[in-house]
Amino acid sequence: MFSPASSQPLDEETFYLKCRAVYISVFRSSLTSITSKQQLCRVLQLAGRNPSLKTLSKYWTPATSNLNFDDFCEILKLEKQTDENELLRIFKGMDANGDGFISHSKLEKALTTSGEKMTAEEISAIFSIADANKESKLDYAEFCRMLATTAERCQSEALERMEADAKMRRQNFGSQIDGNPKSAPYSSASPSAAVPTATTATLPQPPSESQRQDSDPALKKESRTPSRVSSARSRRSSLSSTGVTMTASSVKASGKTLEPAALQNWQHVGVRGCFFLEEEEGSISSLQYRFHLPQRSSVYLSIQPLSLGHHMPDKVSSGSWMTVDTALFVTSAGQSKEECNLVCFTEARDKDRFVWRGELAAGSYFLLPFTSGCRLRRRRRTATPTKPEPLVYRTDSGELDLTRALREALSDIFDVIDLDGNGLISLEEYNLFELRTSGEKCDEEAWAICKETFDTRRNQLTRQGFMELHLMEATEKDGDPSDLWLTLEAMGYNQALELVEACPFQVDVHCEGCPPSLQPLSLDWGSRLLNQALQKSIVASAGEARALRGHDNVLVYTYRGDHRISSLVANKGIQKVTVHVNNEHSKNCCSSRGMSVFAVEVPAKTKMVHQHVLPINERQEWTYCCVESTLPSQ
């Protein structure tokens with residue numbers, strides 16, 4: 001029924017719809033986790049897979065305690081559906097007579113003495129199903145057809161049940177999403193009066209009770225049954241929905257550029273950085289910066305993904321990171337995160353950059369780079385990983401050398417850690433690289449040895465010296481690439497030497513009246529400060545909050561920018577709440593959660609950003625339609 005591992009995969013929306021239909025035919029909802037290898041086997045079989053014990057053990061290791069719906073979808077992408085022709089080929093290999101039948105004794109011998117051995121009871125179960133004439137012979141063509149059609153039928157029935165349940169919910173909840181709502185314009189507030197921006201959008205309004213009754217005969221019948229209406233209203237009371245249709249984005253956010261006309265005459269400082277996916281699910285880290293202004297000045301801030309490979313004319317930089325969304329949040333630089341107030345953030349877009357233009361007072365600020373995680377997401381390791389790209393080789397003279405592919409990757413890494421872009425690596429820049437890849441720092445004495453051993457200029461490491469350093473590392477290990485791989489993986493590379501779990505970026509600060517300064521920082525509370533700034537930006541820009549009906553202490557704030565939608569749940573109560581989030585009616589959208597249906601637990605007296613949403617295709621209209629509801633306490 002669905003086979004994304006085939007040569008013609010389904011579109012992503014259809015694939016996940018069918019995955020969910022199979023999943024909820026085994027579990028209560030897509031929020032329920034798989035808690036045993038037996039459950040994993042069952043749900044995979046319903047999805048048309050026939051997993052062996054070896055296959056199951058790849059995904060359910062001794063360290064596995066549970067798998068979620070997202071894990072299940074990823075497994076289906078990797079495992080092919082059971083192929084009827086392949087099964088027939090295997091059975092024909094056991095059919096010595098070529099008459100289309102295999103005896104009970106012969107099949108039992110084959111399946112209990114080789115491969116993953118089956119029990120005699122399991123063999124008998126096969127014959128009880130497939131040996132209709134009770135002749136102790138298996139019509140294996142009929143058996144293969146039965147297996148294939150049974151899997152398809154189970155999947156079809158699961159999809160039909162899910163669609164029927166969805167229809168019933170729409171009836172019970174008054175069809176809050178579907179219908180022909182009236183439209184109303186929405187304008188997004190600008191974070192700064194100096195940079196006006198506008199958002200054109202349409203907010204669907206829920207149809208009135210009379211409209212719902214007139215359009216749906218089932219609801220007319222239900223309205224005459226007071227007990228049913230009361231039940232439906234009680235379920236509806238915990239729901240809150242948001243709908244907004246965004247216009248397609250162009251290269252520019254608006255008709256005129258935000259870049260000052262005489263920008264080339266302004267004082268400028270630039271710095272590089274990189275977003276890294278961390279082991280903790282959904283966690284993204286990056287350097288943060290202290291920005292100092294000696295006097296009040298007009299300022300133009302920008303951030304964008306960093307294009308790599310310019311040192312190699314024959315190499316084209318077209319990495320996936322170039323489509324990653326970026327932003328800068330600016331806070332006052334207090335001694336603690338409590339003393340840091342949000343000043344502004346780069347809400348507007350100017351060509352390929354996300355920008356802010358306005359006036360800032362003299363003083364120090366923190367620049368906090370941000371990406372939503374919608375497009376920079378961890379790629380699940382394949383069950384059968386591809387052969388790693390060679391990193392070293394021996395020349396004709398027998399000496400070790402770095403492969404061209406590794407040199408290209410190291411050269412790109414050099415550009416990423418060259419924060420000031422001067423073509424050289426200082427001790428401070430090198431130490432940030434060392435902390436990322438090994439967790440240690442290089443002291444002055446070790447740096448002095450580096451300068452004596454490798455190519456340097458102005459007491460800084462050159463690109464050639466950086467290559468020499470890694471060649472020495474490989475030589476000391478007699479060609480063992482293990483340490484090189486640790487470095488590459490820490491910098492976001494996979495075994496094909498593709499940069500897939502990191503996004504280099506460029507930050508530029510232009511000031512009209514004075515020279516600014518930028519200094520990279522590693523704040524212990526930096527991630528909390530960014531989260532605090534993000535929360536404040538959502539609350540300040542969202543307008544009026546929506547309370548979940550029946551839960552006045554649970555509020556939802558939704559920021560709608562031209563290029564990103566972000567939502568926050570504020571639990572002002574004294575008990576934790578679990579909020580169920582459903583984006584299934586959204587169109588052309590991707591969520592930072594990586595799934596359309598999920599739940600978040602919000603502790604008492606706490607705010608939590610529960611998702612960011614971006615368009616999948618920026619040149620097409622996109623519709624964000626989210627329904628939040630509370631789940632009952634366990």
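1. Buried means under 20% relative accessible area, exposed means over 50%, and partly exposed lies in between. Lys77, at 32%, therefore counts as partly exposed. The model is a predicted one. The points below work through its helices, rings, charges and backbone angles.

2. Start with the salt bridge that Lys77 makes. Its partner is Glu74, with the closest N and O atoms 3.6 Å apart. Glu74 has 17% relative accessibility, so Glu74 counts as buried. Both residues sit in helix α4, three residues apart, which means that about one helical turn separates them. An α-helix has 3.6 residues a turn, so residues three or four places apart point the same way.

3. A search of the whole structure gives 13 aromatic pairs. Tyr23 and Phe72 make a tilted pair, 5.3 Å centre to centre, with 50° between the planes.

4. Helix α2 spans residues 37–46. Leu40, Cys41, Val43 and Leu44 are buried in this helix. Just after α2 comes Gly48, where phi is positive, at about 90°.

5. Further along, ring pairs build a cluster. Its members are Phe414, Tyr430, Phe433, Trp447 and Phe466. Check these five side chains together in the viewer.

6. How many salt bridges does the structure hold? The count is 16. One of these bridges joins Glu618 to Arg375, with the closest N and O atoms 3.4 Å apart. This pair links distant parts of the chain, 243 residues apart. Glu618 is in the loop between β26 (606–615) and β27 (622–631). Arg375 is in the loop between β13 (363–370) and β14 (392–394). Glu618 is partly exposed, at a relative accessible area of 21%. Arg375 is also partly exposed, at 25%.

7. Asp478 is exposed, with a relative accessible area of 57%. Arg394 counts as partly exposed, at 46% relative accessibility. The backbone stands out as well: Asp478 is not a glycine, yet its phi is positive, at about 55°.

8. Asn588 is another residue with a positive phi. The angle is near 55°, and the residue is not a glycine. Asn588 lies in the loop between β23 (577–582) and β24 (589–591). Is Asn588 buried or exposed? With 18% relative accessibility, Asn588 counts as buried.

9. Salt bridges also form a network. Glu259, Asp350 and Arg353 are linked in this way. Strand β12 covers residues 353–360 and contains Arg357. Arg357 is partly exposed, with a relative accessible area of 33%. Which residue lies 4.5 Å from Arg357 in space, C-alpha to C-alpha? The residue is Tyr300, which is 57 residues from Arg357 in sequence.

10. The last point concerns surface charge. Glu428, Asp443, Glu444 and Glu445 gather in a patch of negative charge on the surface. Asp and Glu count as negative, so each member contributes to this patch. Glu444 lies in helix α14, residues 444–453. Its relative accessibility is 58%, so Glu444 counts as exposed.

Note on methods:
Residues numbered from 1 in each chain as written. Predicted model: local features only at pLDDT ≥ 70, side-chain atom pairs only at ≥ 80, totals over all residues. Heavy atoms only, no water. Patch = residues over 30% accessible without salt bridge, like charges linked within 9 Å, V, L, I, M, F, W, Y side chains within 5 Å. Areas by Shrake-Rupley, 256 points an atom, 1.4 Å probe, with all protein chains shown as cover. Salt bridge = Lys/Arg side-chain N within 4 Å of Asp/Glu carboxyl O. Charge placed at Lys NZ, Arg CZ, Asp CG, Glu CD. Helix = DSSP H or I, 4+ residues; strand = E, 2+ residues; numbered from the N terminus. Buried < 20%, exposed > 50% of the residue type's maximum accessible area, 1.4 Å probe, protein only. Phe/Tyr/Trp six-rings, centres within 6.5 Å; stacked < 30°, edge-to-face > 60°.
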